[in-house]
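I opened the model to go through its strands, its salt bridges and a few single residues. My entries follow in the order in which I looked things up.

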Amino acid sequence: KRSIECQVTDNNDGTYFVSVTPQQSGQHKLSITIHGQDIQGSPFDLSVVTQRDYTKFKRPVQTITGIFRPRYIAFSDNGDMFLTSYSDYCIHVYDSSGKKKTTIGSRGSDELQFESPCSGIAVSGEVVYVA
């Protein structure tokens, strides 16, 4: 058990916002106490992952052509790139070298169909979230 610095903000409604910056990745427990007593729900389970630095590339940046009106981009843990296309009504998937792997979805309102996949995209493990 060790203490880490945190920032506490009073929301002026009886609640507080607590912000901490973990120093190590992995599974942790976060205890929040007032006058030595745990608050309700404390300790909290935390899963901390190492952040990728996308500002440093291992190879030159590649240009992806042939996509009209691209919108949002997300990367999987293995480096695959997921790119939403407003005009194509789909998600284009490329490997880390820029080679196209597949296309997900089409225009429509059924499963794996999009009216407009342009509000955002996120990848977590094997799951792709599209808004």
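**Entry 1: overall make-up.** From the N terminus on, I read the elements of the protein chain as β-β-β-β-β-β-β-β-β-β-β-β-β-β. That is 14 strands and zero helices; helices are DSSP runs of H or I with at least four residues, strands are runs of E with at least two, and numbering starts at the N terminus. The model is predicted, and I took local features only at pLDDT of at least 70 and side-chain atom pairs only at pLDDT 80 or more, while totals for chains, interfaces and linings use all residues. Residues are numbered from 1 along each chain as its sequence is written, and side-chain values use heavy atoms, with hydrogens and water left out.

**Entry 2: burial and surface.** I looked up how much of the chain is buried: 20% of the 131 residues. Buried means under 20% relative accessible area, exposed means over 50%, and partly exposed lies in between, with a 1.4 Å probe and protein chains only. The protein chain exposes about 10,300 Å², of which carbon and sulfur atoms supply 49%; the areas come from the Shrake-Rupley method with a 1.4 Å probe, and for residues only the protein chains shown count as cover. I also checked contacts, meaning heavy atoms within 4.5 Å. Among those between residues at least 6 apart in sequence, 24% join residues at least 24 apart.

**Entry 3: the four-stranded sheet.** I traced an open sheet with the order β7-β8-β9-β10 and antiparallel pairing; two strands pair if DSSP finds at least two bridges between them. The edges are β7 (70-75) and β10 (100-104), each with a single partner strand, so one side of each has no neighbour in the sheet. Neighbouring strands here are turned by 20° against each other on average, direction ignored; the axes are lines fitted to C-alpha atoms, for helices over the stretch in contact, and angles run from 0 to 180 degrees between N-to-C directions.

Entry 4: Which residues of β9 are buried? I found five of the five residues buried, so β9 is largely enclosed by the rest of the structure. Cys90, His92 and Tyr94 cover one side, and Ile91 and Val93 the other. In a regular strand, side chains alternate between the two faces of the sheet.

Strand β8 (residues 81-85) is joined to β9 (residues 90-94) by five bridges, and the two run antiparallel. I noted Tyr94 in β9 as the bridge partner of Met81. The hairpin of β8 and β9 has four residues between the strands, and there Tyr89 takes a positive phi near 55°.

On β10, I counted four bridges to β9, again in the antiparallel sense. Ile91 stands opposite Ile104 in β10. The hairpin of β9 and β10 has five residues between the strands, and Gly98 takes a positive phi near 95° in it.

**Entry 5: salt bridges.** I listed two salt bridges in the structure, each defined as a side-chain nitrogen of Lys or Arg within 4 Å of a carboxyl oxygen of Asp or Glu.

Lys29 forms one with Asp45, the closest N and O atoms being 2.5 Å apart. Lys29 lies in strand β3 (residues 26-30) and Asp45 in strand β6 (residues 44-48), so the pair ties together parts that are 16 residues apart in sequence. Both Lys29 and Asp45 are exposed.

Asp80 forms a salt bridge with Lys101, with the closest N and O atoms 2.7 Å apart. Asp80 sits in the loop between β7 and β8 and Lys101 in strand β10, so far as sequence goes 21 residues apart. I checked burial for both: Asp80 counts as buried at 7% relative accessibility, whereas Lys101 is partly exposed with a relative accessible area of 47%.

**Entry 6: a nonpolar patch.** Val8, Tyr16 and Val18 make a nonpolar surface patch of about 290 Å². Patches are made of residues with over 30% relative accessible area and no salt bridge, with like charges joined within 9 Å and nonpolar side chains (Val, Leu, Ile, Met, Phe, Trp, Tyr) within 5 Å. I placed Val18 in strand β2 (residues 16-20) and found it partly exposed, at a relative accessible area of 32%.

**Entry 7: two serines.** Ser87 is in the loop between β8 and β9 and counts as partly exposed at 25% relative accessibility. Leaving out residues up to four places away in sequence, Ser87 touches Phe68 and Arg69.

Ser3 is in the segment before β1 (6-10) and is exposed, with a relative accessible area of 72%. From Ser3 to Leu30 I noted 9.6 Å, C-alpha to C-alpha, at 27 residues apart in sequence.
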